[in-house]
Amino acid sequence: MREYVIQNVDFIQLTVNPGEDRVYFPVSTHLQGKKVLYLEVLNPDKGLDLSGRYPILSLDSLFVTLYDTSGNLIVDTLFINYFSTYTGNDLPRIDSEIDWERSFISVPVSVQQTSVLFFSVYIGEDNLPAPSQKNLYNLTFHVSGIMEISLFRKVQALKDEKITGVYAMVGSTTGKPDQVFGTINGYLYLVPKDKTRYINYIPLQFIDGMFFTSIYENYTPISLQRKFIDPVEIDFNRSKILIRSTDETIQTLNLSFYYE
C-alpha cells in the first residue's frame, strides 16, 4: 500500500443542500496555479465542518468528476470512496492543475439537510523518501464536542526539531495502536517555519495512528500510519487543533509527533 510524504496540504469544502444532484467545487483562488498530487475526502464520523455548523455528508453513492485547466477530463464519475484512505485505498494520483469551477460532485441520493464534503488537497513533489521516525514526543488532551486547542507553549521540546510525522489517536496515552478506542472529528493546523510550506487543517482522521482489519485484504491488519511529513520545523505557538464533533463524550486525544 502506498505511503505518502506530505509537503503541503490545503483544503476545499463543498456545501450540499437538499434537492441538489450536482454540486460544483467553489471558487478556489488559493489553489489556482497549484499542481495537485492527490485529493482525500473526509468520512463522516459524528463530524462537523470547520465552522462547526454543518455535518459532514455521508459518502454513499457520490461520484467525482474533475477537469484540468486545459479542459481535459481527468476523473470521470469516479466513486468518491476511492478518494478515502480510511477504507484502505491508495488515493488516485491526479498530478494536474484542477479547474475547480468546472469540476463537480454528482449526488444521486436524497440529502436531508445542508451538509459539507471536505477534501484535503496534497500539493508538492511526489515519490519523496520516507523520513526517519526514530524520535517520538506525545501530547495528550481531553476533548469533546466543539473546541479549539492552541498549541501555544505546549510543544517547547520540539521548537527546533524537524517534524517527520504526526499521528492522532483517541483513548491512548501511550501511542500504541492496540490501545485505541475510537476516533473524534477534528482538524490539525500546523504552521511551518519555512514560509513556502503549509499544513492547513488536515483532518485527524487522515493521520489516524490505528490499525484496522480490511475485508479487501483478507481481513489482515492494515496500518493507517502511511503519511509522513517532509522534514520541517513547526511554529507550534501559532498552531492549533479544531475539534468539530457531535460527540459530547469526553475523550482523550493523543498526538504523537515524530522528529529527526
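## Cavities, cores and salt bridges in a predicted model

Sorted by class, the residues that line the second largest cavity comprise ten nonpolar, one polar and one charged. The model is a predicted one, and the values in this report were computed from it. The volume of this second largest cavity is about 80 Å³, and its lining is made up of I6, V9, G165, V166, L188, L190, I199, I202, I207, K227, F228 and I229. Strand 11, strand 12, strand 13 and strand 16 are the elements that give two or more residues to this lining, and the largest share, three residues, comes from strand 16.

How many cavities of 30 Å³ or more does the structure hold? There are three of them, and in the largest cavity lies about 100 Å³ of space. Its lining consists of 13 residues, and those nearest the centre are T183, I184, L204, Q205 and D208. By class, the lining of the largest cavity has six nonpolar, five polar and two charged residues, with strand 11 supplying the largest share, three residues. As a general point, rolling a probe the size of a water molecule over the atoms shows where empty space is left.

The largest pocket has a volume of about 150 Å³. It is lined by 15 residues, of which Y4, V5, Y38, E125 and D126 are the closest to its centre. At least two lining residues each come from strand 1 (4-6), strand 4 (36-41) and strand 8 (115-123), and strand 1 gives the most, with three residues. The lining of the largest pocket divides into eight nonpolar, three polar and four charged residues.

### The nonpolar cores

Which residues have the most contacts inside the largest nonpolar core? They are L188, I202, L204, F236, I241 and L255, in a core of 44 residues. Of these, L188 also belongs to the lining of the second largest cavity, and, when residues up to four places away in sequence are not counted, L188 touches V166, I199, N200, Y201, I202, L204, I207, K240, I241 and L255. A second, separate core has 28 residues, among them V36, L62, I80 and F119. In soluble globular proteins, nonpolar side chains tend to be buried together.

### Salt bridges

A search of the whole structure finds eight salt bridges. Side chains of opposite charge can pair when their charged atoms come close.

| Salt bridge | N to O separation |
|---|---|
| K193 and D160 | 3.9 Å |
| D230 and R197 | 3.8 Å |
| R238 and D235 | 3.7 Å |

In the salt bridge between K193 and D160 the closest N and O atoms are 3.9 Å apart. K193 is in the loop between strand 12 (186-190) and strand 13 (198-203), whereas D160 is in the loop between strand 10 (146-150) and strand 11 (162-170), so this pair ties together parts that are 33 residues apart in sequence. K193 is partly exposed, because its relative accessible area is 36%, while D160, with a relative accessible area of 56%, is exposed.

The side chains of D230 and R197 meet in a salt bridge as well. This pair links distant parts of the chain, since D230 lies in the loop between strand 16 (227-229) and strand 17 (232-233) and R197 in the loop between strand 12 and strand 13, 33 residues apart. Are D230 and R197 buried or exposed? Both residues are buried.

In the salt bridge between R238 and D235, R238 is partly exposed, with a relative accessible area of 47%, and D235 is partly exposed, with a relative accessible area of 22%.

### A proline in a loop

P131 sits in the loop between strand 8 and strand 9 (135-143). Why does P131 count as buried? Its relative accessible area is 15%, and buried means under 20%. Leaving aside residues up to four places away in sequence, P131 touches V5, T164, F228, I229 and P231. The C-alpha atoms of P131 and E260 are separated by 8.0 Å, although the two residues are 129 residues apart along the chain.

Terms used:
Residues are numbered from 1 along each chain as its sequence is written. This is a predicted model: local features need pLDDT of at least 70, side-chain atom pairs count only at pLDDT 80 or more; totals for chains, interfaces and linings use all residues. Side-chain values use heavy atoms; hydrogens and water are left out. A nonpolar core is a set of buried Ala, Val, Leu, Ile, Met, Phe, Trp, Tyr and Cys residues joined through side-chain atoms within 4.5 Å. Buried means under 20% relative accessible area, exposed over 50%, partly exposed in between (1.4 Å probe, protein chains only). Contact means heavy atoms within 4.5 Å. On a 1 Å grid over the protein atoms alone, a cavity is a set of points where a 1.4 Å probe fits but cannot get out, and a pocket is an open set with protein on both sides within 12 Å along at least five of seven lines; lining residues have an atom within 4 Å of a point. Grid points are joined across faces, edges and corners, and a volume is the space filled by probe spheres set on the points. Helices (H or I, at least four residues) and strands (E, at least two) are DSSP runs, numbered from the N terminus. Ala, Val, Leu, Ile, Met, Phe, Trp, Tyr, Cys and Pro count as nonpolar, Asp, Glu, Lys and Arg as charged, and the others, Gly among them, as polar. A salt bridge is a side-chain nitrogen of Lys or Arg within 4 Å of a carboxyl oxygen of Asp or Glu.
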